[in-house]
Amino acid sequence: MLRAGSVVTCIACKNLLPSRMGVKFRIPLQKLHPLSRAIHHRYSANNNPQRPPHCSAARHYTSLSRLPMRPPKSRSGGHGYQQHRSFWVARLAARLLKLRYILLGSAVGGGYTAKKTYDEWKDMLPDMSQYTWIVPDFVWELSENIDFDKLASALPELEEIAKLLPDMEKIGENFTFLKSLLSSGLGSEVNGASGLRLLLETTGDSTLRATDIPPTSASMSDSSEKQFKKSSDKEKVDQLQEELLRTQMKYQRMLERLEKENKELRKVVLQKDDKGIHQRKVKKSLIDMYSEVLDILSDYDSNYNTQDHLPRVVVVGDQSAGKTSVLEMIAQARIFPRGSGEMMTRSPVKVTLSEGPHHVAMFKDSTREFDLGKEEDLAALRREIELRMRKSVKEGQTVSPETISLSVKGPGIQRMVLVDLPGVISTVTAGMAVDTKETIFSISKAYMLNPNAIILCIQDGSVDAERSIVTDLVSQMDPQGKRTIFVLTKVDLAEKNLASPSRIQKIVEGKLFPMKALGYFAVVTGKGSSNESIDSIKDYEEEFFQNSRLLRDGMLKAHQVTTKNLSLAVSDCFWKMVRESVEQQADAFKASRFNLETEWKNNYPRLRELDRNELYEKAKNEILDEVISLSQVTPKHWESILQKKLWERVSTHVIENIYLPAAQTMNSGTFNTTVDIKLKQWTDKQLPHKALEVAWETLQEEFARFMAEYKGKDQDDIFDKLKEAVKDESIKRHKWNERAMDSLRVIQHNALEDRSITDKPQWDAAIQFMEETLQSRLKDTDSVIADMVGPDWKQRWLSWKNRTPEQHIRNETKNELERLLKLHEDHTAYLANDEVTTVRKNLEGRGVEVDPVLIKDTWHQLYRRHFLQKALLHCNLCRRGFYYYQRHFVDSELECNDVVLFWRIQRMLGITANTLRQQLTNTEVRRLEKNVKEVLEDFGEDTEKKVQLITGRRVQLAEDLKKVREIQEKLEAFIEALHKEK
């Protein structure tokens with residue numbers, strides 16, 4: 001009989017495992033299910049008559065069932081009998097006391113044995129205190145949120161659970177026939193019993209069925225009675241096995257149901273955890289920490305020769321050699337866009353592979369997770385990668401050096417960082433940029449020059465090896481092959497197409513190519529269909545190598561085939577390289593940080609180390625403060641500058657096109673009619689547009705003035721380019737509200753229609769306005785005439801200046817025309833043809849040849865000066881004409897209609913300025929502030945724009961300091977985690 005931990009087996013136990021049983025593996029009897037051993041030893045007592053049979057299977061599970069039996073004492077006769085009768089009371093008491101001691105000793109010994117057994121069992125358990133962080137926080141809070149008493153009451157009773165168990169009494173009745181079967185030594189019955197024991201041991205194995213029992217053959221007896229008995233015994237065995245199978249399937253279904261409920265419960269808990277009910281800080285994995293360092297390094301522009309020498313796996317190969325397919329097999333998902341023969345990988349793609357419970361992918365700059373188990377998410381991921389590649393390629397180029405960062409997590413994925421590079425090409429085809437080949441070579445060399453980069457060289461096995469380009473490039477970068485792994489793809493096509501399979505053997509042994517490598521691998525990445533799944537490709541790969549003569553004939557070794565072995569080898573090599581080089585890289589960045597900090601202390605000792613983003617935020621706040629100051633401008637200031645600028649813009653039109661033509665009329669009625677008509681035309685067509693232009697220009701000038709004034713208040717000149725760009729872009733985007741033009745036109749028209757001057761101050765203000773305007777025009781006219789005739793005699797004598805021939809002709813013409821004006825002071829604005837001829841002949845008589853056009857041009861300026869001088873004299877006469885104006889100039893030779901015109905213009909300017917001021921303060925300033933904010937937001941999201949507008953050594957030094965510090969800190973954290981993992 002077997003005991004726990006015993007290595008001795010009885011003869012009947014050895015007979016339970018015959019060599020002819022239809023099982024491919026042997027199982028030691030000591031590993032059989034305890035119930036199987038109990039069944040066997042119960043009916044094998046005759047095989048070892050020296051030992052009593054076990055009463056039950058429970059004897060295997062307690063140490064108290066093997067207590068030593070006390071040997072019986074032999075009774076003695078003779079004279080002792082009298083003594084026995086004499087002291088029977090004493091002997092009875094002694095025996096009672098002895099029984100008490102036996103019971104007490106048994107209790108103490110049993111308690112000690114139980115305690116010792118419990119301590120041994122407890123010591124065998126692992127220390128789980130170090131792994132409490134694995135259990136989510138909500139598990140420890142279950143006792144607070146879940147009523148376990150209520151849950152226990154909802155569980156089924158023991159009686160109901162007992163009903164689910166097999167009927168042991170019925171099984172016991174059927175076990176009685178096993179004794180005779182085991183003792184008779186029949187092969188078929190023994191095989192059936194062995195199959196039963198295996199079934200009891202492996203509850204999940206359903207391959208052994210009643211049909212697996214081989215039929216009886218030579219051991220059958222000739223008597224029909226014996227045959228009937230054996231057939232009935234076999235039926236009982238079949239019935240017993242079927243009942244056990246049914247019981248097993250019942251428990252299996254219960255187990256599956258409980259697992260499903262557990263999965264649903266965990267899903268609900270995780271969803272609640274995502275909503276913030278139970279938030280717990282997630283610890284980053286080792287490979288994620290390393291990937292973050294690489295992401296920062298990819299954006300870091302070092303100026304201190306601190307190059308990025310951190311390891312990563314660089315995947316290079318000829319175009320369409322299967323690079324992407326190999327990477328997809330390692331990532332266990334079809335994540336990359338595919339194309340037949342065309343270039344699909346247009347920029348480097350960094351893929352961080354790590355192990356996780358769910359198969360998902362995510363970009364480093366996005367929070368969206370792509371479920372790689374769903375085909376729609378896979379298609380969306382491929383589209384997103386293709387879109388990012390095309391956006392990274394600049395206009396006129398085919399490939400881009402900009403890296404796309406992607407992370408893939410899933411069960412069974414090896415941890416590493418791979419970079420998929422564009423395929424190397426030999427010829428530039430139509431549609432490609434001229435420098436595409438050289439650009440791909442430069443990108444590949446930049447990654448492979450890293451002395452710690454692992455080069456995964458992909459070679460197409462279905463094409464001639466002599467056509468390979470990438471092998472020469474790899475041999476140049478790593479001539480000793482200390483960090484190169486060679487991968488031969490499409491081996492199935494190579495075996496089918498090549499007449500000599502030994503050529504493949506030469507390739508994987510490194511004897512065909514001039515390059516050297518750490519290892520050589522042969523893989524199959526599918527049948528060439530883009531619709532194949534990863535599982536089907538794996539099955540096809542395993543099936544091919546199992547049936548391939550390359551492996552069968554020893555041309556390839558087992559560890560050199562399949563992408564699974566490849567990923568394991570690449571991952572081991574990657575982590576070995578990381579452990580060897582990461583501390584050296586951390587020291588290099590530490591030295592670079594010291595150099596940068598020293599330069600900052602020497603050059604900018606009193607300034608904070610603000611990087612480009614921080615400087616941009618500071619400039620943004622200053623610009624917003626300057627925009628807000630626009631709303632603090634007083635209404636009086638707005639109206640004064642608006643009125644002044646508007647008159648400067650329209651004064652020429654008023655004088656030249658309204659006042660001068662009207663002043664040429666003979667009476668006041670005609671004057672007023674001409675003025676009204678021209679003012680109406682001006683208001684309908686030009687005046688509102690001119691007013692809005694003036695208002696818009698005034699807003700721009702005030703905005704620029706405030707920015708210039710703010711600049712003097714200890715402003716950093718590093719923001720000048722940024723502020724100028726923000727101002728220009730904001731003004732460019734600002735559109736004036738055109739709906740206010742119609743209302744402005746009505747207001748201006750009503751203001752010009754009014755002719756009633758109510759008091760003397762308004763009359764005096766109009767006189768002053770008219771006088772200032774006429775004097776300004778007269779000054780301008782004198783300046784024009786002086787330029788026409790050249791310097792006078794005083795300038796010629798004192799400044800040694802001379803007149804040009806043209807100026808001499810104009811001077812003679814001016815003198816002749818001035819004599820004409822003296823003779824006719826009331827002359828009209830235009831010269832008649834006979835007058836032009838007379839002036840020309842007079843000049844010819846003095847030897848001056850002059851053109852009639854020059855005469856008319858000179859006359860225009862002279863008459864303008866003559867008219868303005870007369871108007872100023874009339875203006876002085878009208879200073880005391882307000883009394884006559886109130887009487888409508890009745891019984892008076894003085895007419896001051898021109899003063900009324902200037903009053904109307906002045907009043908229109910004031911009303912227009914007030915209207916524009918209201919529109920500015922109520923609407924346009926706020927809209928400009930909104931535009932400035934939008935421009936600042938857009939510039940803040942545009943990294944290239946910030947680099948262009950915020951420049952200088954100070955900015956670059958702060959940027960380098962920030963990057964180097966961040967890299968060093970993350971490297972130190974990674975190294976610490978790496979040591980802990982060791």
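Is Arg927 buried, partly exposed or exposed, and what is its relative accessible area? Arg927 has a relative accessible area of 30% and is therefore partly exposed, a class lying between buried (under 20% relative accessible area) and exposed (over 50%), with a 1.4 Å probe and protein chains only. The model is a predicted one, in which local features need pLDDT of at least 70 and side-chain atom pairs count only at pLDDT 80 or more, while totals for chains, interfaces and linings use all residues. Residues are numbered from 1 along each chain as its sequence is written, and side-chain values use heavy atoms, leaving out hydrogens and water.

The chain holds 36 helices and nine strands, taken as DSSP runs numbered from the N terminus (helices: H or I, at least four residues; strands: E, at least two). Of its 982 residues, 41% are buried. Contacts (heavy atoms within 4.5 Å) with a separation of 6 or more come to 79% from residues 24 or more positions apart.

Salt bridges, defined by a side-chain nitrogen of Lys or Arg within 4 Å of a carboxyl oxygen of Asp or Glu, number 47. One of them joins Arg927 to Glu924 at 2.8 Å, N to O. Both residues belong to helix α34 (residues 897-941), three residues apart, about one turn of the helix. Glu924 counts as buried because its relative accessible area is 0%. A second pair, Lys814 and Glu818, meets at 3.3 Å, N to O, and these two lie four residues apart in helix α30 (residues 805-823). Here Lys814 is buried at 13% relative accessibility, whereas Glu818 is partly exposed at 25%. Arg593, Glu597, Glu609 and Arg965 are linked in a network of salt bridges.

Helix α21 (residues 563-603) contains 41 residues and spans 55 Å from first to last C-alpha, close to the 60 Å expected at 1.5 Å a residue; the expected span is 1.5 Å times one less than the number of residues. A kink of about 40 degrees is centred on Ser581 in this helix, the bend being the angle between axes fitted to the seven residues ending there and the seven starting there.

Ser354, in strand β2 (residues 349-355), is buried because its relative accessibility is 3%. Beyond four places in sequence, Ser354 touches residues including Ile287, Asp288, Val408 and Arg415. Trp793, in helix α29 (residues 793-799), is exposed at 58% relative accessibility.
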